[in-house]
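Student: I have a structure to go through, and I want to know what stands behind the terms used for it. Can we take them in turn?

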Amino acid sequence: MKIAIFGVGGFIGSNLVEHLVEEGVHEVVGMDVTNSKLAGIEGANFKYIEGNVGSDVTTAEELTEWADAVVDLIAYANPSIYVEAPLDVVQLNFFENMKILDYCLKYQTRLIQYSTSEVYGKRTRDEEYVEDSSDLVMGPVTKQRWIYAASKQLLERIIHGHGLRGDLDYSVIRPFNFVGPRFDYLVPAGAKGGPRVFSHFVSALITGGPIHLVDGGGQHRCFTHIKDASEAFSTILEHPAAHNQIFNIGNPDTNITMRGLAEMMGGIYTELTGKAPSNEIIEISGEDFYGKGYEDMDRVPPNVDKLRALGWTPKRDLDNIFREAIAFYLEPERHASIV
Ligand code: NAD
Ligand code: UGA
């Protein structure tokens, strides 16, 4: 199959390319404004094109025409960006993604759209999130976090509408906190906002700076190993029953609080380096850490029965997920951004 990946240079994209190069089955061309995370990932079946889907429209369109399947990974994905720049988020995560959808409609190319677990929104019931039956509950407009979820939700609804009309072959993926090598970026000691939680905690362990627990650190997340996530992608790409369907990709067995995560990562760091961490733990409000308009979810529990029914299951546990990701960032050549 010929696969075009938009946003190939990011965390999920670079790991997906590594997986597809290893498989060596499909021909892959990826487009992004940056390829720094693709360093060292090479294969006869992969080609990178530098470009911006917003301005290099001819290239993006030609790539869609060439492909049998388009994978759309383009988005701002960090909560700090939703809080600081909500209009940039809706421009990229909705309007630029709509252009890719339009190319897919024009050339009748299958679309595999990365959405988010955040479309499930605020937690108003004690249950796992199920793709085709759970309600999607958005918070107030004054909490900018929801512009991300609302942009992705509207995109999903439009994609589904085209599926119903019969003019689009699609699969929508809702990722639940993927973690692995090349995740986000390291930050200097004491930094606030910026990347997602793993990057903050690993940066603190490396620099000796404080670990911030936002709003007490009692929030839960279920983390997913990026290799489990890439394998799930292949199932969705190849299984005949995955067409015109929405799938959670997550791991229900890795639920942990952020306080528990900080402790667990500290333990793995000690085992890997022989050094016991002595980071100060600072409790901080969401608004002080991210800015006014931040809101959090206390739990984000995936139900993955739908994807299990197609033969996929998550195989890697919490220790596995974080050991590999921490080891990646312990390599000194990756510390340039924090010194
Ligand atoms: P990422 O930020 O690492 O990757 C996004 C990539 O898109 C970046 O490399 C960026 O340079 C590229 N990009 C942005 N604008 C572009 C443009 N105009 N033209 C070309 N390239 C552009 O994010 P990620 O973690 O890899 O996430 C990928 C997708 O998955 C996003 O849609 C995100 O919302 C979704 N998602 C990810 C997670 C997760 O656990 N990582 C969870 C939920 C949803
Ligand atoms: C993130 C992204 O924003 C979404 O794009 C994505 O859908 C989602 O992950 C996902 O991967 O499914 P979130 O789960 O809130 O959303 O991710 P983080 O920013 O990593 O935050 C996780 C938790 O850690 C939050 O409760 C946050 O307040 C907390 N946190 C973060 C800390 O306690 N300390 C920190 O230093 C950073």
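Tutor: Start with contact, which means heavy atoms within 4.5 Å. Angles are taken between N-to-C directions and run from 0 to 180 degrees. The model is a predicted one.

Student: What makes helix H2 a helix that lies across the sheet strands, and how does H2 run relative to E1?

Tutor: Helix H2, residues 57-66, lies across E1, strand E2 (27-32), E3 and E4. Its direction is at about 150° to E1.

Student: Which strands does helix H4 touch, and what angle does H4 make with E5?

Tutor: Helix H4 (residues 86-107) packs on the sheet and touches E1, E4 and strand E5 (110-114). The angle between the directions of H4 and E5 is about 160°.

Student: How do you know that E1 and E4 are paired?

Tutor: Pairing requires at least two bridges. Strand E1 (residues 2-6) and strand E4 (residues 69-72) have four bridges in the parallel sense, so they count as paired. As for a particular bridge, Phe-6 has Asp-72 in E4 as its partner.

Student: Why are E3 and E11 said to stand at the edges?

Tutor: The sheet is open and has seven strands, in the order E3-E2-E1-E4-E5-E6-E11, with parallel pairing. Strand E3 (46-50) and strand E11 (245-249) each have a single partner strand, so one side of each lacks a neighbour in the sheet. On average, neighbouring strands of this sheet are turned by 20° against each other, with direction ignored.

Student: What does Ile-49 touch?

Tutor: Ile-49 is in strand E3. Leaving out residues up to four places away in sequence, Ile-49 touches Val-29, Gly-30, Met-31, Asp-32, Thr-59 and Leu-63. Val-304 is 255 residues from Ile-49 in sequence and 34 Å from it in space, C-alpha to C-alpha.

Student: How much of ligand 1 does the protein bury?

Tutor: The protein buries 89% of the 820 Å² that ligand 1 exposes when taken alone. Helix H1 (11-23) and helix H5 (145-165) are the elements that give two or more residues to the shell around ligand 1. By class, this shell has 13 nonpolar, nine polar and three charged residues.

Student: And ligand 2: which residues come closest?

Tutor: Of the 25 residues that surround ligand 2, the closest are Tyr-82, Thr-116, Arg-145, Arg-221 and Asp-296. An N or O atom in the side chain of Tyr-82 lies 2.3 Å from an oxygen atom of ligand 2. A polar backbone atom of His-212 is 2.8 Å from a nitrogen atom of the ligand. Both distances fall within 3.5 Å, so both pairs qualify as polar contacts. Taken alone, ligand 2 exposes 720 Å², and the protein buries 97% of that.

Technical notes: Residues are numbered from 1 along each chain as its sequence is written. Chains are lettered from A and ligands numbered from 1 in the order in which they are written. This is a predicted model: local features need pLDDT of at least 70, side-chain atom pairs count only at pLDDT 80 or more; totals for chains, interfaces and linings use all residues. Side-chain values use heavy atoms; hydrogens and water are left out. Accessible areas come from the Shrake-Rupley method with a 1.4 Å probe; for residues, only the protein chains shown count as cover. Ala, Val, Leu, Ile, Met, Phe, Trp, Tyr, Cys and Pro count as nonpolar, Asp, Glu, Lys and Arg as charged, and the others, Gly among them, as polar. A residue is near a molecule or strand if one of its heavy atoms lies within 4 Å of it. A polar contact is a pair of N or O atoms within 3.5 Å; within protein, one must be able to donate a hydrogen and the other to accept it, and residues adjacent in sequence count only if both atoms are side-chain atoms.
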